[in-house]
Amino acid sequence: MPHPSQSAERRAALAKRILVIDGAVGTPNRGFGLTEADARGERFAKAEKDIKNNGDLLHLTRPDVIGDIHRRFLEAGADIIETNTFSGTSLAQCEFFPAGDDSRKDPEYFQRVLEDRFLNDLAWEINYESARLCRKWADEFTERTGRKRYVAGAVGPMTVSLSQFPDPDNLAFRRITFDQAVDAYRHQIRALVEGGSDILIVETIFDSLNAKAALAAITDVFAAEKFQLPVMISAAVGPGGETLISGQMTEAYLNAMRHVKPLSIGMNCSLGPEQMRPFLAELSAKCDTFVSAYPNAGLPDPLSPTGFPYLPEDMGRLMSEFAGAGLLNFAGGCCGNTPEHIAAIAKAVERFAPRSVPESKHEMQLSGSHPYNLRTGSNFLMIGERTNVTGSPKFAKLVKEGKLDEALAIARQQVENGANVIDINFDEGLLDSEAMMTQFMLLIQAEPEIAKVPIMIDSSKWSVIEAGLKCLQGKGIVNSISLKEGEEKFRESARKVLRYGAAAVVMAFDENGQAADYEAKIRICERAYRILVDEVGFPPEDIIFDPNILTVATGIEEHNNYAVDFINATRWIKENLPYAKVSGGVSNISF
């Protein structure tokens, strides 16, 4: 198991220079002229489908070829070599080795894949053996050169999406569930770690929700095994800076991923350096982690021998411009980049100082497909609550009647009228709240004008909250958690909120009930804050306290101080619980 000091070692190296990531495996692989028979070897000779394009298998059938590519990248100057595991999950490998009949609309198919012994064993071997092969070469070059070389366990985007709606007649249908994606990723990650990875890299992110599933799997493995490795995150963006499938803008992607406190966030694939530069510059300016960039060798060009137009000297020149502008901590290349390209990049960036990482401003940073940041001096964060069956009779009626298109129109109207966040709640006795939350959230994914804002998942039942979080590609808010059921339950809920990358409303409520006076409000809020920040590691800027205004102006004497106590508790929270936010609900009397 990797030693914890390796993280400090990496950070020390990153403070001195830009570290170099290797290039594409597929591009140099073409130079070997491998045939379908070479890819199959004896082991896969009877495979029913062609597997030549299944590059992940090559370190099982032709480890000499993949090992030689690793060697050449290390000789070129790479500090980090990636495992050849881009499609290393059972869910991706089933494209080449189907688990029975694969109906495009069969919701049970991928569950069969996850339970298929052959595919699970194959996925484990692909990741474990690839990490071991990288480990062998990285250690050899560390010893040979005296410069530490690292193995990055590559976690790819899968071949099936959690955000894409494959059936135009049923926009809430997805081929896989969030839990299925997490299961497959956990299996891959354990094998990468067991094989000797120093780093885990979630890369070529087309779909932000798939990436969040991978990050949840990493969180699960770290918690179960009681250790951590550094995590790098890298998205593939389109010409407008959006993730290619889920359409999440650059800053929104940053906001959605930063909860795992990654070593770096960056971009790779899809674009050449010129097209990537403005989005990388935006990321670099706003990111409080290290930043990576390993673009393609230009845009695809079928007339070029490598399929991409840029020669090594072109990539060296362009990446030196990135480094000279102070945008980078990691530099490398993706598709089309050979060992010669990486040598040119390594030479080009070695004379530049790495990007300085800014201090966190501890601002609440939310996102849908677009970002929403609550900064010092910002106006109120306005939450639209009409998509809430407990507060909107019209919305409740539409949902009960199954008129979800009209219910979505209410959500859209709230966004058009200026809501920064929309609150979604299905807590009603006649509804299957969990199923409805899932269906409605999936329908929102297909509505760009709604999906652009962050979502507040609102329920008194944790199972309903979790169902909503599993459909949330951005960073939303959970409403709510509290100490009502004691500290252990509170910690458990907080860790789960953090696992999904959300902020949380924290009610001033403990084992003895709702805080009614000033002293109870500040006592409960301080106790919750200390547990969240000191024990769970919850970002303080993502805590939204609701100190309970309660029902004012009733004429009952014991209620006379409710509003004043709320205001005073708000002032105390702002002065004593750094970066925490406060929410006030003045709706109780209308209920």
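**Figure 1. Aromatic pairs in the predicted model.** Rings of Phe, Tyr and Trp (its six-membered ring) are taken as a pair if their centres lie within 6.5 Å, with planes under 30 degrees apart counted as stacked, over 60 as edge-to-face and the rest as tilted. By this criterion the structure holds eight aromatic pairs. One of them joins tyrosine 109 and phenylalanine 110, whose rings are edge-to-face, with 5.2 Å centre to centre and 70° between the planes. Tyrosine 109 and phenylalanine 110 are both buried, where buried means under 20% relative accessible area, exposed over 50% and partly exposed in between (1.4 Å probe, protein chains only). The model is predicted, and local features need pLDDT of at least 70, side-chain atom pairs count only at pLDDT 80 or more, and totals for chains, interfaces and linings use all residues. Residues are numbered from 1 along each chain as its sequence is written, and side-chain values use heavy atoms, with hydrogens and water left out.

**Figure 2. The pair of phenylalanine 395 and phenylalanine 426.** These two rings form a tilted aromatic pair, 5.9 Å centre to centre and with 35° between the planes. Phenylalanine 395 lies in helix 15 (residues 393–400) and phenylalanine 426 in the loop between strand 12 (421–425) and helix 17 (433–445), so the pair ties together parts that are 31 residues apart in sequence. Helices (H or I, at least four residues) and strands (E, at least two) are DSSP runs, numbered from the N terminus. Both phenylalanine 395 and phenylalanine 426 are buried.

**Figure 3. An aromatic cluster and charges over rings.** Phe44, Phe97 and Phe118 form one aromatic cluster. In a further view, lysine 136 lies over the face of tryptophan 137, at 4.0 Å from the ring centre, and arginine 144 lies over the face of phenylalanine 141, at 4.2 Å from the ring centre. A charge is said to sit over a ring if NZ of Lys or CZ of Arg is within 6 Å of the ring centre and within 35 degrees of the ring normal.

Figure 4. On a 1 Å grid over the protein atoms alone, a cavity is a set of points where a 1.4 Å probe fits but cannot get out, and lining residues have an atom within 4 Å of a point. Grid points are joined across faces, edges and corners, and a volume is the space filled by probe spheres set on the points. The count comes to one cavity of 30 Å³ or more, and the largest cavity has a volume of about 30 Å³. Its lining includes Val155, Pro157, Tyr185, Phe206 and Asp207. Strand 4 (199–205) and helix 10 (208–225) each supply at least two lining residues, and the largest share, three residues, comes from strand 4.

Figure 5. Serine 163, in the loop between strand 3 (150–155) and helix 9 (178–194), counts as buried at 9% relative accessibility. A polar contact of 2.8 Å joins the side chains of serine 163 and aspartate 207, and aspartate 207 is also among the residues that line the largest cavity. Threonine 61, placed in helix 4 (residues 58–61), is buried with a relative accessible area of 16%. A polar atom of the threonine 61 side chain lies 3.0 Å from the backbone oxygen of alanine 39.

Notes: On a 1 Å grid over the protein atoms alone, a cavity is a set of points where a 1.4 Å probe fits but cannot get out, and a pocket is an open set with protein on both sides within 12 Å along at least five of seven lines; lining residues have an atom within 4 Å of a point. A polar contact is a pair of N or O atoms within 3.5 Å; within protein, one must be able to donate a hydrogen and the other to accept it, and residues adjacent in sequence count only if both atoms are side-chain atoms.
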